[in-house]
Amino acid sequence: MGRQFFVGGNFKMNGSVDTIKSIVNNLNQAKVDPNVEVVIAPPALYLLLTREHLRPGLEVAAQNVFDKPNGAFTGEISASQLKESNITWTLTGHSERRVILKESDDFIASKTKTALDHGLGVIFCIGETLEQREANQTIEVVTNQLRAVAKQIQDWSKVVIAYEPVWAIGTGKVASTEQAQEVHAAIRAYLTKEVSQTASDNTRIIYGGSVSEKNCNELAKEKDIDGFLVGGASLKPAFVDIINAQSS
Ligand code: PEP
């Protein structure tokens, strides 16, 4: 069986009650390819509102999760709290958290493991900066980010890997189809070599970084691109075109 196309929408710290309701209504009414798994990640404050209004079959993700079960961790949300609230996915390792909040590979791996242990799906984000790409370190960087998680988890069936070159996020500079495919293939090769053939065959590897309704169809044709993680464009009606990129 092939890998199911997966499209995530990361709203980041955007939206209000009104705008989120309107995005959700738009998605509820849209003609969404039933073969695509769709997950949207609003800010934490709007997770419950989103879950309440979003139609069944479309899932909700947190943008972050903590790696401890409960306790004195002001401002954090646990995996079990998300699970109890029917928030079935979480992002981990988004570059904005790696870069701005200085989250380390090990901390991200620990959060990923905790989320999986509580039955959440994880959209695990990796990617290189422009400086690292220019120094030809892309594969080394993403491999190190992957290895930190591979050391802590065995079961990859609920992990979606999002390859998001940092230089392409929110910049309008999308990776070329060749650049994206090359890194996706290297990630898959890593899974074959270091994890298992099953993980390599079944794990969705999605691309993120300035994906739009204009560039999604070309990217979706690539062999190892199994979907998208979409930031800015997920707030717009054109998100539906990106969801349907494979079938249109
Ligand atoms: C993201 O935040 O994960 C992202 C890919 O953002 P954008 O689509 O805006 O580049």
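Before I looked anything up I wrote down my cut-offs: buried means under 20% relative accessible area, exposed means over 50%, and partly exposed lies in between, with a 1.4 Å probe and protein chains only. The model is predicted, so I noted that local features need pLDDT of at least 70 and side-chain atom pairs count only at pLDDT 80 or more, while totals for chains, interfaces and linings use all residues. Residues are numbered from 1 along each chain as its sequence is written, and side-chain values use heavy atoms, with hydrogens and water left out.

**Entry 1: R204**

I began with R204, which at 12% relative accessibility counts as buried. I found R204 in strand β7, residues 204–208; helices (H or I, at least four residues) and strands (E, at least two) are DSSP runs, numbered from the N terminus. A polar atom of the R204 side chain lies 2.8 Å from the backbone oxygen of Q4. I call this a polar contact, a pair of N or O atoms within 3.5 Å, where within protein one must be able to donate a hydrogen and the other to accept it, and where residues adjacent in sequence count only if both atoms are side-chain atoms.

**Entry 2: H94**

Is H94 buried or exposed? H94 has a relative accessible area of 5%, and therefore I list it as buried. I located H94 in the loop between β4 (89–92) and α4 (95–99), and its side chain makes a polar contact of 3.4 Å with the side chain of N10.

**Entry 3: the ligand**

I then turned to the ligand and noted that 14 residues surround it, the closest being K12, E164, G170, S210 and G231; a residue is near a molecule if one of its heavy atoms lies within 4 Å of it. The residues of this shell divide into four nonpolar, eight polar and two charged, where Ala, Val, Leu, Ile, Met, Phe, Trp, Tyr, Cys and Pro count as nonpolar, Asp, Glu, Lys and Arg as charged, and the others, Gly among them, as polar.

Which atoms of K12 and G170 lie 2.6 Å from an oxygen atom of the ligand? For K12 it is a polar side-chain atom, and for G170 it is a polar backbone atom. A polar backbone atom of G232 is 2.8 Å from an oxygen atom of the ligand. Of the 290 Å² of accessible area that the ligand has on its own, the protein covers 95%, by the Shrake-Rupley method with a 1.4 Å probe.

**Entry 4: K12 and S210**

K12 is found in the loop between β1 (6–10) and α1 (17–29), and at a relative accessible area of 18% K12 is buried. S210 belongs to the loop between β7 and α10, and with 21% S210 is partly exposed. I noted a phi near 55° for K12, a positive value in a residue other than glycine, and I wrote down a phi near 55° for S210 as well, again positive in a residue other than glycine.

Where is K214? K214 sits in the loop between β7 and α10 (216–220), and at 72% relative accessibility K214 counts as exposed. N215 is found in the loop between β7 and α10, but at 17% N215 counts as buried. From C-alpha to C-alpha, N215 and S176 are 9.3 Å apart in space and 39 residues apart in sequence, whereas K214 and M13 are 24 Å apart in space and 201 residues apart in sequence.
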